[in-house]
Amino acid sequence: MFFTSSYYLLGLCALVLISPVLAYLLWWFLTPIRQSFSNPPAHSYRHSYRNTATNEDEDFPSVHHDHGADVVRLSLIVPAYNEEDRIEVMLNETLPYLEGKQKADKEFTYEIIVVDDGSRDKTTEIAQNYARKRGSDVFRVMTLKKNQGKGGAVQQGMLHARGKYLLMVDADGATEIKDLDRLLKQMSVIEDSKTGYGIVVGSRAHLQEKAVAKRKWYRSILMHGFHWLVYTLAVKSIKDTQCGFKLFTRKSAQILFSNLNLRRWCFDVELLYMAESLNMPLKEVAVNWQEIPGSKLRVLEAALLMGRDLVIIRACHTFGVWRITKPGKREETKKQR
């Protein structure tokens, strides 16, 4: 009896010790779901930019509205967090390229929206200098009061863009901006004329063999493991879901970014998962890419968070925790309330 009681007592002590750990792990695992319901709806945010012609603040337009003559051919959304050391190089390469396209094609119009994701450095100040020089019709700066994560920054930029086509591009300039021509060319092939849907994804998959040879062994294992999880749980048609160079039609952006739940890790995967679920035309195009010094990514932490988010994406969309609502239906629901 003594030994039996001792075993029960040891088991009880172990349970008491383990319970807080299990509770914390469950709390950590469910964080993306909790945040998706506690965060304000993405379309509820209002942002302003400085109109350089009047020197007054004006509200950003909504991607859901018809801007008529104010529509541009291309919107470039640049999420930026503490990028004062890298964003100037990217912009100095991007602006001359876009100006060259405009000279070659008078109908080509564009805007750049830099979304400062709550930076603590001079990112906004640097971007505002470009806005003053180029004019707010071409260059606008959106400064988020609180850091929302890269996904949240991209989402806000996309939801307030004027473009017929919307390009997500990283502030470090890792992908050559000239490769936009490849994406636009492919978009003209796959865009659905009836629905207006279409997404072209820049891909670094063709660079993997060279990259693996330079990477440390554990980074290669994590990379292959992540790709396997993405294919198994989420996206089947795209090999490189994480390249920060993606082109959306306006119609695709309206639906996908209005329904995006993840604002930090794996938001790219959720976008593409929803696109596949809606049978949107998807195409992957090889781009030139190079690693730029200054990355803030911590590999092991990122691996854990991204693995968790992949499971969350599949579970929430499969069991109806997250539902895809088309913009028109959302407006109808608001009116009914």
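A polar contact, as I use it here, is a pair of N or O atoms within 3.5 Å; within protein, one must be able to donate a hydrogen and the other to accept it, and residues adjacent in sequence count only if both atoms are side-chain atoms.

**Before I start**

I am looking at a predicted model, in which local features need pLDDT of at least 70 and side-chain atom pairs count only at pLDDT 80 or more, while totals for chains, interfaces and linings use all residues. Residues are numbered from 1 along each chain as its sequence is written, and side-chain values use heavy atoms, with hydrogens and water left out.

**Entry 1: the whole chain**

I began with the overall picture. I found 12 helices and 9 strands in the chain; helices (H or I, at least four residues) and strands (E, at least two) are DSSP runs, numbered from the N terminus. Of the 337 residues, 46% count as buried. For me, buried means under 20% relative accessible area, exposed over 50%, and partly exposed in between (1.4 Å probe, protein chains only).

The accessible surface comes to about 18500 Å², and carbon and sulfur atoms hold 56% of that surface. Such areas come from the Shrake-Rupley method with a 1.4 Å probe, and for residues only the protein chains shown count as cover. I also looked at contacts (heavy atoms within 4.5 Å). Among those with a separation of 6 or more, 81% are between residues 24 or more positions apart.

**Entry 2: H160**

Next I went to H160, which sits in the loop between α5 (150-158) and β6 (163-169). Is H160 buried or exposed? H160 counts as buried, because its relative accessibility is 8%.

I then checked its polar partners. A polar atom of the H160 side chain lies 2.8 Å from the backbone oxygen of Q156. Leaving aside neighbours within four places in sequence, I listed Y45, H47, F60, P61, V63, I113 and M142 as the contacts of H160.

**Entry 3: M168**

I followed the chain into strand β6, where M168 lies. M168 has a relative accessible area of 0%, so I noted it as buried. Which residues does M168 touch, not counting those up to four places away in sequence? My list reads I77, K150, V154, M158, G244, F245, K246, F267 and D268. I took a second look at F245: it is 77 residues from M168 along the chain, yet their C-alpha atoms are separated by 5.4 Å.

**Entry 4: the nonpolar cores**

A nonpolar core is a set of buried Ala, Val, Leu, Ile, Met, Phe, Trp, Tyr and Cys residues joined through side-chain atoms within 4.5 Å. The largest one has 50 residues, and L256, F257 and V269 touch the most other members. The elements that each supply at least two residues of this core include β4 (110-116), β7 (199-203), α8 (217-233) and α11 (299-318). Helix α10 gives the most, with 7 residues.

I looked up V269 in more detail. Apart from neighbours within four places in sequence, V269 is in contact with F226, V230, A234, V235, T241, Q242, L310 and I313. Another core lies apart from the largest one; it has 36 residues, among them L91, Y110, V138 and L167.

**Entry 5: salt bridges**

How many salt bridges does the structure hold? I noted 14, each being a side-chain nitrogen of Lys or Arg within 4 Å of a carboxyl oxygen of Asp or Glu.

I looked at R86 and E83, whose closest N and O atoms are 2.9 Å apart. R86 is buried at 13% relative accessibility, and E83 is buried at 8%. Together with D172, E83 and R86 are linked in a network of salt bridges.

The side chains of K150 and D170 also meet in a salt bridge, at 2.8 Å from N to O. K150 lies in helix α5 and D170 in the loop between β6 and α6, so the pair ties together parts that are 20 residues apart in sequence. K150 is partly exposed at 33%, whereas D170 is buried at 18%.

**Entry 6: a hairpin**

Last, I traced strands β1 (residues 48-51) and β2 (residues 56-59), which pair in the antiparallel sense over 4 bridges; two strands pair if DSSP finds at least two bridges between them. Y49 has E58 of β2 as its bridge partner. The two strands form a hairpin with 4 residues between them, and N55 in the turn has a positive phi of about 60 degrees.
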